[in-house]
Amino acid sequence: MATVTHDEALANARRLLAGQPAAALAQAQAIIAAVPTSAAAHRLAAHALRALNREQEAQAASLAAVGATIHDEAMVDAALALAEDRLPDAEGALRERLREDATDVAAIRMLAEVAGRIGRYDDSEKLLSRALQLAPGFGAARANLATVYYKQNRFAEAAETLDTVLEGDPGNPAHANLRAAALGRIGGYDESLALYEELTRRFPDHAKLWMSYGHMLKTVGRQDDSIAAYRRALAADPGLGEIWWSLANLKTIRFDVGDRAAMEAALSAADPAGEARADDRLHLHFALGKAYDDAAEHDAAFRHYSAGNAIRADQLGYRTAETSAAVDAIVATCSPEFFAARADAGDPAADPIFILGMPRAGSTLIEQILSCHSAIEGTMELPDIPALALGLGREKYDDGRRWVEALAETPPERLAEMGAAFLRRTAVQRKTDKPFYIDKLPNNWLYIAFIRVALPNAKIVDARRHPLDCCFSNFRQHYAKGQAFSYGLADVGRYYRDYVRLMAHVDAVQPGRVHRVIHEALLEEPEAEVRALLAYLGQPFEEACLAFHSNARAVRTASSEQVRRPINRDGVGQWRPYDAWLGPLRQALGPVLTAYPAVPADLD
């Protein structure tokens, strides 16, 4: 070895690998003995061991190669490019490495991270699965896979994967935090709360842990404990805007003068030139909007709402025309003939009840009412219908946005498979033996044609609220994710108009298939409206549905605390003090506003 360079020894081992794996292994082991940090030699050893059918040892060698990667200059450069968010540079370097050696599990994991950062979660999942096939003990790759599952809304798989990760790294707070969040998304509230309690004991000054704990306490209805957790988080980091917004988002507390002063100070400290603090600023602006609204200082409130919305709109880059084009495509494709041709397709199960429409339109109230019925279980806003529809578009055209075209070409048996897939994917959310369960994702209105052909016997409830109340409520609301349309008055108005336009089309081509609940009518005549709703669902009236506010079930939405109170009109007319600023919203709504609750004849 003394007279042969490291690179020459590697080249010789690679030549031996083709026909003499035992000799190649001996050569690789000799290199490792001389240079233990040679990642390439460890990978060669893994290749040779696999050729000799010594898989367990090959996996250990692959894992050893990962540990040696910190001494590999090319991989260090790729890692630096990742850290600096130079994703094209990182991707190019990693693909070059994998062309040289397709089993380099460190490079595979890093390439999966690149894919995940740009939203290619399917690719990321495949890469991480390959890395774990080669090195099952690669804990970092398994943790990454759990994150990918979580970001794909596959929360049960995320929690299960994190169980394995935590077996190997039981003290890791990041993994425990993600597992607690995943459990909360599948209804494992007790276990989630226990994890957060343990984490906050171990890390008593970790503001974000206290905030996450507060979120879960809010979900299960422990509002006082939730407020205490948020306040504890603020004690640890008073400048973290998301905590202030979390308090504001309870909707039921009022900020005092001291709170406003603390938020204004935090906002001044969040340098407007620093993009790293943009999230703090937007959360503080939304929280201050609520604080000044409580004090009836509407000029200041609207100024803060506008500033927060502007930051978020710039981050998301929503395009109104894309939603309008999607509605155009659905209207053009989904004719009476379209539905008639698929009348016998789809999964016949009648279990799901979809409550859809605009966010902030009263869907949580409807769900809370129905979940008090002996035959109906409430769950949460489930992400599965959009995931299945967009997946169909990617499957057919490599473009999720073309799901309507793909749906038109989908054979009946595939429609049945997708309906069954929804039932299978959402089964984890069902905690009782009630025969029916609710998916209250508002955004499902855009996928109503998919629902109608994949689950033709499912019931659909359209929750509708006065356009100005609904749209302005969205403008005042910061969402943890999604709802990109809500951060501009004209955008939210046009979105509402497109929603009404599509639902009017569905009413025309599928009469009687959707039951509409007008929010103001529900507030005025709750028993009559609830009786009509239950009649549509084929269920008898039960008095418990009118005592919905006493239901202790977990609620994850922004209305979680509001639906724990009896029916009231507190949310009616909240736009009125801001009327002078709502011109863009009125213009975007057009005839939808003046016709409400009826639908104008011409919505184009």
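Two strands pair if DSSP finds at least two bridges between them. Keep that rule in mind for the first stop. The model on screen is predicted.

**Stop 1: the sheet**

Select strand S1 (residues 352-357) and strand S3 (residues 436-439). They pair in the parallel sense over three bridges. Zoom in on Phe-354: Asp-439 in S3 stands opposite.

Now widen the selection to the whole sheet. The sheet is open and has five strands, in the order S2-S3-S1-S4-S5, with parallel pairing. Which strands form the edges? Strand S2 (376-380) and strand S5 (514-518) do, each pairing on one side only. Look along the sheet to see the twist, which averages 25° from one strand to the next. Strands of a sheet pair through backbone hydrogen bonds, so display those here.

**Stop 2: strand S2**

Stay with S2. S2 and S3 pair in the parallel sense, over three bridges. Here Glu-377 stands opposite Tyr-437 in S3.

Is S2 mostly covered or uncovered? It is mostly covered, with five of its five residues buried. Show the side chains next. In a regular strand they alternate between the two faces of the sheet. Ile-376, Gly-378 and Met-380 are on one side of S2, and Glu-377 and Thr-379 are on the other. All of these residues are buried, so both faces of S2 are covered.

**Stop 3: the helix across the sheet**

H24 lies across S1 and S3. Its direction is at about 90° to S3.

**Stop 4: two helices side by side**

Select helix H19 (residues 320-333) and helix H27 (residues 489-509). They pack at an angle of about 5°, with their axes 10 Å apart. That angle makes H19 roughly parallel to H27, because angles under 35 degrees count as such.

Show side chains at the contact:

- From H19: Thr-320, Thr-323, Ser-324, Val-327, Asp-328, Ile-330 and Val-331.
- From H27: Asp-491, Arg-494, Tyr-495, Asp-498, Arg-501, Leu-502 and His-505.

Colour them by class. The contact of H19 with H27 has five nonpolar, four polar and five charged residues.

**Stop 5: aromatic rings**

The structure holds 21 aromatic pairs. Pick out Phe-472 and Tyr-578. Their rings form a tilted pair, 4.8 Å centre to centre, with 35° between the planes. Why does this pair tie together parts that are 106 residues apart in sequence? Because Phe-472 lies in helix H26 (residues 467-475), while Tyr-578 lies in the loop between helix H29 (526-537) and helix H30 (583-589). Phe-472 and Tyr-578 are both buried.

Now extend the selection to Phe-302, Tyr-305, Phe-475 and Trp-581. Together with Phe-472 and Tyr-578, these residues form one aromatic cluster.

**Stop 6**

Go to Ala-143, in helix H9 (residues 139-151). Is Ala-143 buried or exposed? It has 8% relative accessibility, so it counts as buried. Not counting residues up to four places away in sequence, Ala-143 touches Val-165 and His-175. Draw a distance from its C-alpha atom to that of Asp-163: the separation is 9.9 Å, for residues 20 apart along the chain.

Finish at Ser-212, in helix H13 (residues 207-219). Ser-212 has 15% relative accessibility and therefore counts as buried. Which residues is Ser-212 in contact with, leaving aside its neighbours within four places in sequence? Select Asn-177 and Tyr-196: Ser-212 is in contact with both.

Methods:
Residues are numbered from 1 along each chain as its sequence is written. This is a predicted model: local features need pLDDT of at least 70, side-chain atom pairs count only at pLDDT 80 or more; totals for chains, interfaces and linings use all residues. Side-chain values use heavy atoms; hydrogens and water are left out. Axes are lines fitted to C-alpha atoms, for helices over the stretch in contact, and angles run from 0 to 180 degrees between N-to-C directions. Helices (H or I, at least four residues) and strands (E, at least two) are DSSP runs, numbered from the N terminus. Angles under 35 degrees count as roughly parallel, over 145 as roughly antiparallel, 65 to 115 as roughly perpendicular and the rest as oblique. Contact means heavy atoms within 4.5 Å. Ala, Val, Leu, Ile, Met, Phe, Trp, Tyr, Cys and Pro count as nonpolar, Asp, Glu, Lys and Arg as charged, and the others, Gly among them, as polar. Rings of Phe, Tyr and Trp (its six-membered ring) pair if their centres lie within 6.5 Å; planes under 30 degrees apart count as stacked, over 60 as edge-to-face and the rest as tilted. Buried means under 20% relative accessible area, exposed over 50%, partly exposed in between (1.4 Å probe, protein chains only).
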